[in-house]
Amino acid sequence: MSVNYPVSIIDLRLQDVATAIDAGGANGVMRLLDGSGNILSTLALARPAATVSAGFLNFNGLPLVDPAAAHGGAAAFSRIEDSTGFVVISGLTVGGISTSFDIAMAPSNVIAAGQTVAISFASIQGR
């Protein structure tokens, strides 16, 4: 049986996440990782990183852009850190366009070293 929370409680939980992303004194980051955990791309988040409304954490400052990916490979996971490197969110799945992934990349999740990576929409649904 799944647990259900009222939207007001979900928003409080998500606001704690948004506050934690901004806790480090500078901008947090989103890192795209390959299946082995190697960092392919690092995208700086806005500050404040997100706003919360109606059960969603919506990232600010879109698009998020990494002008030159550090390494090439297939992005499989993502994590979000505050500016000190503290991991606030981990385990987000990354793949091509599909509702089965937390982060869907187009035209694919394959990143070439040095390429520009941009995320035009980023939101987390609370549950």
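Predicted model: local features only at pLDDT ≥ 70, side-chain atom pairs only at ≥ 80, totals over all residues.

Trainee: How many residues line the largest pocket, and which lie nearest its centre?

Mentor: The lining has 34 residues. Nearest the centre are Leu92, Asp102, Ile103, Ser123 and Ile124.

Trainee: How does the lining divide into nonpolar, polar and charged?

Mentor: 22 residues are nonpolar, nine are polar and three are charged.

Trainee: And how much space lies in there?

Mentor: About 900 Å³ for the largest pocket.

Trainee: Let's switch to sheets. In what order do the three strands of the open sheet run?

Mentor: The order is E3-E4-E12, with antiparallel pairing. Strands E3 (50-53) and E12 (123-125) stand at the edges. Each has a single partner strand, so one side of each is left without a neighbour in the sheet.

Trainee: What does the twist average there?

Mentor: It averages 20° from one strand to the next.

Trainee: How many bridges pair E4 with E12?

Mentor: Three, in the antiparallel sense, with E4 spanning residues 56-59. As for partners, Phe56 is bridged to Gln125 in E12.

Trainee: Is the pairing of E8 and E9 parallel or antiparallel?

Mentor: Parallel, over two bridges, with E9 at residues 103-104. Gly95 has Ala104 of E9 as its bridge partner.

Trainee: And E7 with E8, parallel or antiparallel?

Mentor: Antiparallel, joined by four bridges. E7 takes in residues 77-81 and E8 residues 87-95. Phe77 has Thr93 in E8 as its bridge partner.

Trainee: How many residues sit between E7 and E8 in the hairpin?

Mentor: Five. In the turn, Gly85 has a positive phi of about 95°.

Trainee: On to charges. How many salt bridges does the count come to?

Mentor: Two. In one of them, the side chains of Glu81 and Arg31 meet at 3.0 Å, N to O. That pair links distant parts of the chain, with Glu81 in strand E7 and Arg31 in strand E1 (residues 29-33), 50 residues apart.

Trainee: Which residue is Glu81's partner in the other one?

Mentor: Arg79, with the closest N and O atoms 2.5 Å apart. Shared partners join Arg31, Arg79 and Glu81 into one network.

Trainee: Is Glu81 buried or exposed?

Mentor: Buried, because its relative accessible area is 3% and the cut-off for buried is under 20%.

Trainee: What about Arg79, where does its accessible area put it?

Mentor: Partly exposed, with a relative accessible area of 21%.

Trainee: Last stop, Asn4. Where does Asn4 lie?

Mentor: In the segment before helix H1, which runs 7-21.

Trainee: Buried or exposed?

Mentor: Asn4 is exposed, because its relative accessible area is 68% and exposed means over 50%.

Trainee: How far apart are Asn4 and Ala46 in space?

Mentor: 31 Å, C-alpha to C-alpha. In sequence, Asn4 and Ala46 are 42 residues apart.

Terms used. Residues numbered from 1 in each chain as written. Heavy atoms only, no water. Pairing = 2+ DSSP bridges. Axes fitted to C-alpha atoms, helices over the stretch in contact; angles between N-to-C directions. Salt bridge = Lys/Arg side-chain N within 4 Å of Asp/Glu carboxyl O. Buried < 20%, exposed > 50% of the residue type's maximum accessible area, 1.4 Å probe, protein only. 1 Å grid on protein atoms, 1.4 Å probe; cavity = no way out; pocket = protein on both sides within 12 Å on 5 of 7 lines; lining within 4 Å. Points joined across faces, edges and corners; volume = space filled by probe spheres on them. Nonpolar A, V, L, I, M, F, W, Y, C, P; charged D, E, K, R; others polar.
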